[in-house]
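These entries record what I looked up in the structure, in the order in which I took up each topic.

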Amino acid sequence: MIWTCQNAHEQIGLRLVLGMLEQKTNAIYVLDTFQLFHELYTLPQLAEDHYPRSTGEVSTEDLLYFYEHFQGRPLKEALRHSLCKEGLNLLMDDYNCIHTWKYHELWGNNNEDREDDLIIACAKRLQEEQEETHYQVAARLIGEVLGHMEELREVEWIDYRLRQLIQQGIFTYEGELKGILHYKVKLADATNYNPS
């Protein structure tokens, strides 16, 4: 059994695992927490605020419930082969590609700065909420960005992009760039930013 959800991270993981199990003949069952959530629950649980974006957002009680009520069948051979092939291709990738999960498919993209506009917009919003513009702990801005993203991203990715924006002069910082709680940021002159 392989647990997954409707996001790029877990869908890549599913494909990589299937690629590594290419020569194995045992049956594979895929438990998609997003799909199971929608199959097994009705309102009020189906309210938009409760949609799991990742398996990690699902409570242990719900995971047990999903497991106990899962009535799936093993992956069909054709689908298993297709996902396995995608996984093997991912293993051979040059790792410069950023993947997005859209329309139930993985989409590759080399545009690593695509979240930068959102990071800047969140920083502007946080600064407007203050009477005076102060440096903010990077973790606060990163949390704000993650809370406004439609697609699941990792903290480390947003931290990486924030550091890139610091290098470009979009943000200034104080502290040490050794962790998101060790440095503070504020927008410099965002008019210098030209998204590609």
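**Entry 1: nonpolar core.** I began with the largest nonpolar core, which has 21 residues. Those with the most contacts inside this core are I119, L141, V145, I158, L162, F171 and V185. I noted that the model is a predicted one.

**Entry 2: I119.** I next listed the contacts of I119, leaving aside its neighbours within four places in sequence. I119 is in contact with L141, V145, I158, L162 and F171, and also with R161 and L165.

**Entry 3: D159.** I placed D159 in helix α7, which spans residues 155-167. Is D159 buried or exposed? Its relative accessibility is 12%, and the cut-off for buried is under 20%, so D159 counts as buried. With neighbours within four places in sequence left aside, I found D159 in contact with I142, I180 and Y183.

**Entry 4: α2 and α3.** I turned to the packing of helix α2 (residues 33-40) with helix α3 (residues 60-69). Their axes lie 10 Å apart, at an angle of about 75°. Angles of 65 to 115 degrees count as roughly perpendicular, and α2 is therefore roughly perpendicular to α3. From α2, the residues that make the contact are T33, L36, F37 and L40. From α3, they are L63, Y65, F66 and H69. Sorted by class, this contact of α2 with α3 has 6 nonpolar residues, 2 polar residues and no charged residues.

**Entry 5: cysteines.** How many disulfides does the structure hold? I recorded 0 disulfides. I also looked up the burial of two cysteines. C84 has 8% relative accessibility and so counts as buried. C122 counts as buried because its relative accessibility is 0%.

**Entry 6: the chain as a whole.** Along the sequence, I read the pattern as β-α-β-α-α-α-β-β-α-β-α-α-β-β. Of the 196 residues in the protein chain, 38% are buried. Among contacts with a separation of 6 or more, I noted that 60% are accounted for by residues 24 or more positions apart.

Key:
Residues are numbered from 1 along each chain as its sequence is written. This is a predicted model: local features need pLDDT of at least 70, side-chain atom pairs count only at pLDDT 80 or more; totals for chains, interfaces and linings use all residues. Side-chain values use heavy atoms; hydrogens and water are left out. A disulfide is a pair of cysteine sulfur atoms within 2.5 Å. Buried means under 20% relative accessible area, exposed over 50%, partly exposed in between (1.4 Å probe, protein chains only). Axes are lines fitted to C-alpha atoms, for helices over the stretch in contact, and angles run from 0 to 180 degrees between N-to-C directions. Helices (H or I, at least four residues) and strands (E, at least two) are DSSP runs, numbered from the N terminus. Angles under 35 degrees count as roughly parallel, over 145 as roughly antiparallel, 65 to 115 as roughly perpendicular and the rest as oblique. Contact means heavy atoms within 4.5 Å. Ala, Val, Leu, Ile, Met, Phe, Trp, Tyr, Cys and Pro count as nonpolar, Asp, Glu, Lys and Arg as charged, and the others, Gly among them, as polar. A nonpolar core is a set of buried Ala, Val, Leu, Ile, Met, Phe, Trp, Tyr and Cys residues joined through side-chain atoms within 4.5 Å.
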